[in-house]
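Dear colleague,

I am passing on the structure below for you to look over. My notes on what was found in it follow directly after.

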Protein chains: 2
Amino acid sequence: MSDKHMSSQFDADLNLVSSKVLEMGGLVEAQITRAMHALNDFDIEIADQVIAAEETLNTMEITIDEECSNIIARRQPAARDLRLLLAISKTITNLERAGDEADKIAKRVKRLAEDGSSRTVNIAEIKLSGEMAATILRRALDAFARLDTVAAAQIVRDDKAIDEEFRAFVRKLVTYMMEDPRTISAGLEYLFIAKAIERIGDHAKNIAEFIIYIVKGTDVRHKSRDALEREALS
Amino acid sequence: MSDKHMSSQFDADLNLVSSKVLEMGGLVEAQITRAMHALNDFDIEIADQVIAAEETLNTMEITIDEECSNIIARRQPAARDLRLLLAISKTITNLERAGDEADKIAKRVKRLAEDGSSRTVNIAEIKLSGEMAATILRRALDAFARLDTVAAAQIVRDDKAIDEEFRAFVRKLVTYMMEDPRTISAGLEYLFIAKAIERIGDHAKNIAEFIIYIVKGTDVRHKSRDALEREALS
C-alpha cells in the first residue's frame with residue numbers, strides 16, 4: 001500500500017490500520033444496506049439491528065484513530081506515509097458519520113412503521129438514492145484499498161447524481177403534501193431519511209478526495225470538479 | 001499553550017497555527033451571525049456577503065491543515081503536542097462545515113426573500129436556536145484558546161438545548177403546514193435552515209470534545225455526557 005520504508009514493521013503497521021479501515025467501511029456499508037432494507041419492508045427488527053450495531057462503529061473510530069496517532073508518534077513518518085495516516089484519521093470520521101446516518105434512517109423507519117402512516121408517500125427516489133449511496137461508498141472503499149485516484153475522481157462526479165435525486169424528491173414531496181396535508185407528518189420523516197442518504201453520498205465523496213490527497217499530495221477539497229479531475233489524472 | 005518543548009521555534013509554530021484556528025473560528029462565528037441577521041431582515045445583500053465569504057473559509061481550512069502536517073513532519077511531536085495538532089486538523093474541518101451551514105442558510109434566505117412567501121411562518125425557535133448556536137461556537141473557541149476542559153464539558157451539555165429547540169420547531173412546523181398547506185414550500189426552507197443551525201451546534205460540540213482529548217489524552221467522542229464530564233473534571 002505504500003512506497004519503500006525504513007522498516008518492514010512500519011509497513012505491517014500501515015497495512016494493519018488500512019485493513020481495519022476497510023473492515024469498518026464494510027460494516028458501514030452493511031448498515032446502510034440494512035437500513036434501506038428496513039425502510040423497504042418496514043421491518044422494525046432489522047431497524048433494531050442497525051441501531052444495535054451503531055456502537056461498534058463508534059468504538060472502531062476511536063480505536064483506529066488511536067492507532068494512527070500511535071504510529072505517527074512512534075514511527076515519525078513523512079510524505080506519503082504521513083498523508084496516509086492523516087487521511088485515515090479523517091476517513092474514519094466520515095465512515096462513522098455515514099454509519100450515524102444509517103442509524104438515523106433506522107430510527108425514522110421504526111417511527112413510521114409504528115405510526116402506521118407509512119405507505120402514504122411514494123418513495124421511489126429515496127430507494128434509488130439509497131442504492132446509489134451504498135454503491136458509491138463501496139466504490140470509495142475499493143478506491144481507497146487500491147489508492148486509485150481515477151476511480152476517486154469518478155466518485156466525486158457521481159455524488160452529484162445523489163444530490164439531484166434528493167432535490168427531485170423534495171420537490172415531489174411538496175406536491176404530495178399540498179395535495180393531501182395528512183401526509184405531512186410522514187412526509188417530513190421521509191425528508192429526513194432522504195437527507196441522511198444525501199449525507200452518506202457526501203461522506204463517500206470526502207473519502208474519495210482524501211485518496212487523491214494521499215497519492216498526489218494535493219488537497220482537492222473545495223476544488224472544482226474539473227480541477228480535481230486534472231489532479232487525479234495527472 | 002503547551003508544556004515544555006525541545007525548541008522555542010516549535011512553540012512559535014504551535015502558537016501561530018493555534019492563532020490561525022481562532023482567526024478562522026472568528027470568521028465562522030461572524031458568518032453565522034450575518035446569516036441570522038439576513039434571515040431576520042430578509043436582507044439579500046447580507047446573504048450575498050455570507051455566500052461570498054465562504055471561499056475564504058475553504059482556503060483557511062486547507063492552509064491550516066497543510067501547516068499541521070508540515071509541523072508534524074518537521075518536528076515529530078509526541079504526546080500532547082501531537083494531540084494538539086491532530087485535534088486542530090479535525091477542529092478546522094468542523095469549523096469549515098459550520099461555515100458551510102451559514103452559507104446554506106444564506107442561500108435559503110435568498111430564495112425565501114425572492115419568493116415573497118417569506119413571512120408565513122413564525123420562526124421564533126429558529127432565531128433563538130441561531131443565537132444559541134453562535135454563542136456555543138464562540139464558547140468552544142474560547143475554551144480551545146484556554147484549553148479549558150470544564151468549559152468544554154459544559155458546551156457538550158448545552159448543545160442538547162439546541163437539539164431540543166430544533167425538535168420543537170419541527171413539531172410546530174407540522175401543525176402550521178397542516179393548518180395552511182400554502183405554507184408548505186416556505187416551511188421546508190425553514191426546516192432546512194433549522195437543521196443547519198442544529199448542525200452548527202453539533203460542530204461546536206465536536207470541537208469541545210477535541211479540547212478534552214488534547215488536554216486529557218482521552219477520546220471522549222461517543223461517550224455519555226456523564227462519563228465525558230468525569231473525564232473533563234478529573
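B:Glu189 is buried in this predicted model, since its relative accessible area of 14% falls under the 20% cut-off, and B:Arg108 is likewise buried, at 18%. The two form a salt bridge in which the closest N and O atoms are 2.9 Å apart, and the pair links distant parts of the chain, with B:Glu189 in helix α6 (residues 184-216) of chain B and B:Arg108 in helix α3 (residues 79-115) of chain B, 81 residues apart.

Within helix α6 of chain B, B:Glu198 and B:Lys195 lie 3 residues apart, about one turn of the helix, and their side chains meet in a salt bridge (3.2 Å, N to O); B:Glu198 is buried at 11% relative accessible area, as is B:Lys195 at 15%. Salt bridges that share partners also join A:Glu61, A:Asp65, B:Lys90, B:Asp219 and B:Arg221 into one network.

Over all chains the count comes to 46 salt bridges. One of them joins the side chains of A:Glu29 and A:Arg138 (2.6 Å, N to O), where A:Glu29 counts as buried at 17% relative accessibility, whereas A:Arg138 counts as partly exposed at 36%.

On the surface, A:Lys160, A:Arg167, A:Arg171 and A:Arg225 gather in a patch of positive charge, to which helix α5 (residues 149-179) of chain A gives the largest share, 3 residues.

As for the two copies, chain A can be laid on chain B with an RMSD of 0.0 Å by a turn of 180° and a shift of 0.0 Å along the axis, so they are related as by a two-fold rotation axis.

Best regards

Notes
Residues are numbered from 1 along each chain as its sequence is written. Chains are lettered from A and ligands numbered from 1 in the order in which they are written. This is a predicted model: local features need pLDDT of at least 70, side-chain atom pairs count only at pLDDT 80 or more; totals for chains, interfaces and linings use all residues. Side-chain values use heavy atoms; hydrogens and water are left out. Patches are made of residues with over 30% relative accessible area and no salt bridge: like charges are joined within 9 Å, nonpolar side chains (Val, Leu, Ile, Met, Phe, Trp, Tyr) within 5 Å. Accessible areas come from the Shrake-Rupley method with a 1.4 Å probe; for residues, only the protein chains shown count as cover. A salt bridge is a side-chain nitrogen of Lys or Arg within 4 Å of a carboxyl oxygen of Asp or Glu. Lys and Arg count as positive and Asp and Glu as negative; His and the chain ends are not counted. The place of a charge is taken as NZ of Lys, CZ of Arg, CG of Asp or CD of Glu. Helices (H or I, at least four residues) and strands (E, at least two) are DSSP runs, numbered from the N terminus. Copies are superposed by least squares on the C-alpha atoms of residues with pLDDT of at least 70 in both. Buried means under 20% relative accessible area, exposed over 50%, partly exposed in between (1.4 Å probe, protein chains only).
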